[in-house]
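Here is a friendly walk through one protein model, meant to be read with the structure open beside you.

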Amino acid sequence: MPLFYRRGIGLIALVRIILLALFFIVSTIAGLLVCLVRPFHRNNVALFSYWYGRVSWILGIQVEIRRDPAIQADTPYVFIANHQNNLDLFVMSGSVLPGTVTLGKKSLKYIPFFGQLYWLSGNLMIDRNNKDKALSTMLAAAERITQKNLSVWMFPEGTRSYGRGLLPFKMGAFHIALEANVQMVPVCMSTTHQQVKLNRWNNGKVIIQMLAPITISKDDSIRQFAKNARQQMAEQIRLLDTELGNDYTASKTPFEE
């Protein structure tokens, strides 16, 4: 029996790990070259997100993206999405629209190569440990939305949920939408926590539902608006999970443990 199998790494998992490593190397080099030619370009993030979204097939995941027809191209929004785990990078990325940047934590820039790529792509970085700087970053995000017709993608939970359901929302995304006077688009992804196994050939289907834009105004209570948006998203995620049913449980292959 091969050594890698005796140590608990199945053949399918090993192949996937190698392919993912190759993808990271090639995509990072290619991305940095693109950024050298057009640093901070409005469509860098969408381009690189498309690359990462295509990796879902390596993981054996079929992704279906549903977009409400009310979402208009070249219209700035604040996208709010549920954040489950590290798989989001490969599954949800394919739904990012052109002209969109993300708001990520400042510590990302310390990741060799990836951090520099993230910054040069045009994404905004926020220092969560410094409230004054965090507020300045959010105001800058609102200004970019207004001046450059950009959209901002955010995870209002502020952290990965890891199977705990949709966590309470932080208010940053809602303040940005209000300051920039743009609508918000809830983005709901069906549950992937503990549903994907590297050594399973078919890891089933994931649905990403981009709901109709919702409007926040100065007359709204931000906290109540956020609570209502969270309830809407939680219900949509529940419906997606119900629709998928047992689609994740594929038949095992001879290579699986």
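Two strands count as paired here if DSSP finds at least two bridges between them. With that in mind, let us turn to the sheet. Please remember throughout that this is a predicted model.

With strand 5 it runs parallel, joined by 3 bridges, and Val78 stands opposite Val152 of strand 5. Strand 2 also pairs with strand 6 in the parallel sense, over 4 bridges; there, Phe79 has Val185 as its bridge partner. Strand 6 (residues 184-189) is joined in turn to strand 7 (residues 205-210) by 3 bridges, and these two strands run antiparallel. One of the partners to find here is Met210 of strand 7, which is bridged to Val187.

Where do the side chains of strand 2 point? Val78 and Ile80 go one way, while Phe79 and Ala81 go the other way, and all are buried.

| Helix pair | Axes come within | Crossing angle |
|---|---|---|
| Helix 2 (residues 11-37) and helix 3 (residues 44-53) | 11 Å | roughly 165 degrees |
| Helix 6 (residues 131-148) and helix 7 | 9 Å | roughly 40 degrees |

Why is helix 2 described as roughly antiparallel to helix 3? Angles over 145 degrees count as roughly antiparallel, and the axes of helix 2 and helix 3 cross at roughly 165 degrees; the two helices are therefore roughly antiparallel to each other. Their crossing is right-handed. On the helix 2 side, the contact is made by Phe23, Phe24, Ser27, Ala30, Gly31, Val34 and Cys35, and on the helix 3 side by Asn44, Leu47, Phe48, Trp51 and Tyr52. By class, these residues divide into 9 nonpolar, 3 polar and no charged.

For helix 6 and helix 7, the crossing at roughly 40 degrees makes helix 6 oblique to helix 7. This crossing is right-handed. Met138, Leu139, Ala141, Ala142, Ile145 and Thr146 of helix 6 meet Gly172, Ile176, Glu179 and Ala180 of helix 7. The contact has 7 nonpolar, 2 polar and 1 charged residues.

**Two loop residues with positive phi**

Phe113 sits in the loop between strand 3 (100-105) and helix 5 (114-120). Its phi is near 70 degrees, a positive value in a residue other than glycine. Is Phe113 buried or exposed? Exposed, because its relative accessibility is 55% and the cut-off for that class is over 50%.

Tyr162 is in the loop between strand 5 (151-154) and helix 7 (172-180). Tyr162 is not a glycine, yet it has a positive phi of about 50 degrees. At 42% relative accessibility, Tyr162 counts as partly exposed.

Note on methods. Residues numbered from 1 in each chain as written. Predicted model: local features only at pLDDT ≥ 70, side-chain atom pairs only at ≥ 80, totals over all residues. Heavy atoms only, no water. Buried < 20%, exposed > 50% of the residue type's maximum accessible area, 1.4 Å probe, protein only. Axes fitted to C-alpha atoms, helices over the stretch in contact; angles between N-to-C directions. Parallel < 35°, antiparallel > 145°, perpendicular 65-115°, else oblique. Left-handed = near helix turned anticlockwise from the far one by under 90°. Contact = heavy atoms within 4.5 Å. Nonpolar A, V, L, I, M, F, W, Y, C, P; charged D, E, K, R; others polar.
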